[in-house]
Amino acid sequence: MENKLPEYAIIVAGGSGSRMQRDMPKQFIELADKPILMHTIERFYKYNNEVRLIVVLPEQQLDTWRSLCRKHKFEPFHMVVAGGATRFCSVRNGLEMVQGEALVAVHDGVRPFVELETIKEAYNTAAGHGSAVVAVSPKDSIRELTQEGSKAVPRVNYKLVQTPQCFRASLLRKAYEQPEEEHFTDDASVVEQLGEKVVLVEGSYRNIKITTPEDLLLAEAFIKETL
Ligand SMILES: Nc1ccn([C@@H]2O[C@H](COP(=O)(O)OP(=O)(O)OP(=O)(O)O)[C@@H](O)[C@H]2O)c(=O)n1
Ligand SMILES: C[C@](O)(CO)[C@H](O)COP(=O)(O)O
């Protein structure tokens with residue numbers, strides 16, 4: 001379905017990157033001479049330069065980001081918002097910048113390899129169904145931890161969830177008015193808590209979340225292909 005609503009992207013980059021074990025948040029690590037976060041923002045800008053970009057950053061890093069933008073002559077226009085203690089708080093802060101009814105894609109600032117087709121499909125599916133959550137099938141076998149140890153489960157019943165996760169703004173606002181719960185690891189889980197169904201769309205194995213040091217090696221390989 002063709003989408004007539006304004007499109008927003010909340011790019012969450014308010015975390016500290018503790019699992020990366022670097023002295024700076026991982027979203028600022030350079031890949032091909034540019035911070036990871038700039039590559040991520042550029043994916044959305046390249047998809048459509050009219051998408052309203054909201055970038056959520058750690059409060060203490062706002063000045064660092066401004067100087068990085070100057071240093072790299074970074075052009076895509078974006079609003080900047082201070083994040084919170086958790087991803088949930090950061091998304092909620094970003095949502096405050098969304099005006100009226102719209103489609104809102106929430107995307108991790110550390111997923112710079114999201115494909116333009118995936119972004120397009122997420123917005124179009126959310127336009128028709130109210131939600132679109134990007135996911136891929138697991139490639140490994142899966143075991144569930146039990147009191148006795150573990151047991152095999154059929155992997156065809158599972159998906160690995162990525163971002164973007166795209167929703168109508170009215171639905172996402174209502175979801176983020178709920179108190180935060182421990183099992184809210186992504187936006188779909190927050191929306192689902194309202195009793196709403198979420199629609200899955202196929203993602204890509206390249207759309208990795210740069211989380212631990214070995215992910216950077218993969219990212220270096222992927223970025224070389226895109227240059
Ligand atoms: N308070 C937070 C925590 C996370 N994020 C963002 O959510 C995305 C996914 O989170 P994750 O990969 O866990 O990032 P970090 O929280 O930074 O990493 P870690 O858990 O290793 O500290 C990242 O782009 C991260 O910057 C955020 O905006 N605000
Ligand atoms: C939102 C997410 O990337 C979907 O896979 C993931 O849940 C974020 O988890 P994290 O522990 O905050 O990295």
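Analyst: Happy to! One term to start with: two residues are in contact if their C-beta atoms, placed from the backbone, lie within 7 Å. Please also keep in mind that this is a predicted model.

User: Okay, let me try that term out. Which residues is Leu5 in contact with, leaving aside its neighbours within four places in sequence?

Analyst: Leu5 is in contact with Glu101, Ala102, Leu103 and Ala127. Take Ala127: along the chain it is 122 residues apart from Leu5, while their C-alpha atoms are separated by 7.8 Å.

User: Nice. And where is Leu5 found?

Analyst: Leu5 is in the segment before strand S1, which covers 7-12.

User: Is Leu5 exposed or partly exposed, and why?

Analyst: Leu5 counts as partly exposed because it has 15 C-beta neighbours inside 10 Å.

User: Let's zoom out. How many helices and strands are there in the protein?

Analyst: The protein has seven helices and eleven strands. Its radius of gyration is 17 Å, close to the 17 Å that the globule rule gives for 227 residues, so the protein is as compact as a globular protein of that length. Its C-alpha atoms fill a box of roughly 55 × 40 × 35 Å along the principal axes.

User: What share of the residues is buried?

Analyst: Buried residues are 37% of the 227. As for contacts with a separation of 6 or more, 71% of them are between residues 24 or more positions apart.

User: Now strands. Which way do S7 and S10 run, parallel or antiparallel?

Analyst: Strand S7 (residues 131-136) and strand S10 (residues 160-168) run antiparallel, joined by five bridges. In that pairing, Val136 of the protein stands opposite Leu160 in S10.

User: And how does S7 pair with S11?

Analyst: That pairing is in the parallel sense, over three bridges, with S11 being residues 200-202. Val133 has Leu200 in S11 as its bridge partner.

User: What about the peptide bond from Thr163 to Pro164?

Analyst: That bond is cis, with omega near 10 degrees. Pro164 lies in strand S10.

User: Switching to the ligands: which residues surround ligand 2?

Analyst: Ligand 2 has Arg87, Asp108, Val161, Gln162, Thr163, Thr185, Asp186, Lys209 and Thr211 around it. S10 gives the largest share of that shell, with three residues. By class, one is nonpolar, four are polar and four are charged.

User: And how many residues surround ligand 1?

Analyst: Ligand 1 is surrounded by 21 residues, and the closest are Gly14, Gly15, Ser18, Arg19 and Ser90. Five residues of that shell are nonpolar, twelve polar and four charged.

User: Now a loop. What is phi of Lys73?

Analyst: Phi of Lys73 is near 45 degrees, a positive value in a residue other than glycine. Lys73 lies in the loop between helix H2 (62-71) and strand S5 (79-82). Lys73 counts as exposed because it has 6 C-beta neighbours inside 10 Å.

User: Last one, helix H7. How many of its residues are buried?

Analyst: One of the 14 residues of H7 is buried, so the helix is hardly covered. At 1.5 Å a residue, H7 (residues 213-226) should span 20 Å, and its end C-alpha atoms are 21 Å apart, which agrees.

How values were computed
Residues numbered from 1 in each chain as written. Chains lettered and ligands numbered in written order. Predicted model: local features only at pLDDT ≥ 70, side-chain atom pairs only at ≥ 80, totals over all residues. Near = placed C-beta within 6 Å. Nonpolar A, V, L, I, M, F, W, Y, C, P; charged D, E, K, R; others polar. Helix = DSSP H or I, 4+ residues; strand = E, 2+ residues; numbered from the N terminus. Buried ≥ 20, exposed ≤ 12 C-beta atoms within 10 Å, placed from the backbone. Rg over C-alpha atoms; globule rule 2.2 N^0.38 Å. Pairing = 2+ DSSP bridges. Expected span 1.5 Å × (residues − 1).
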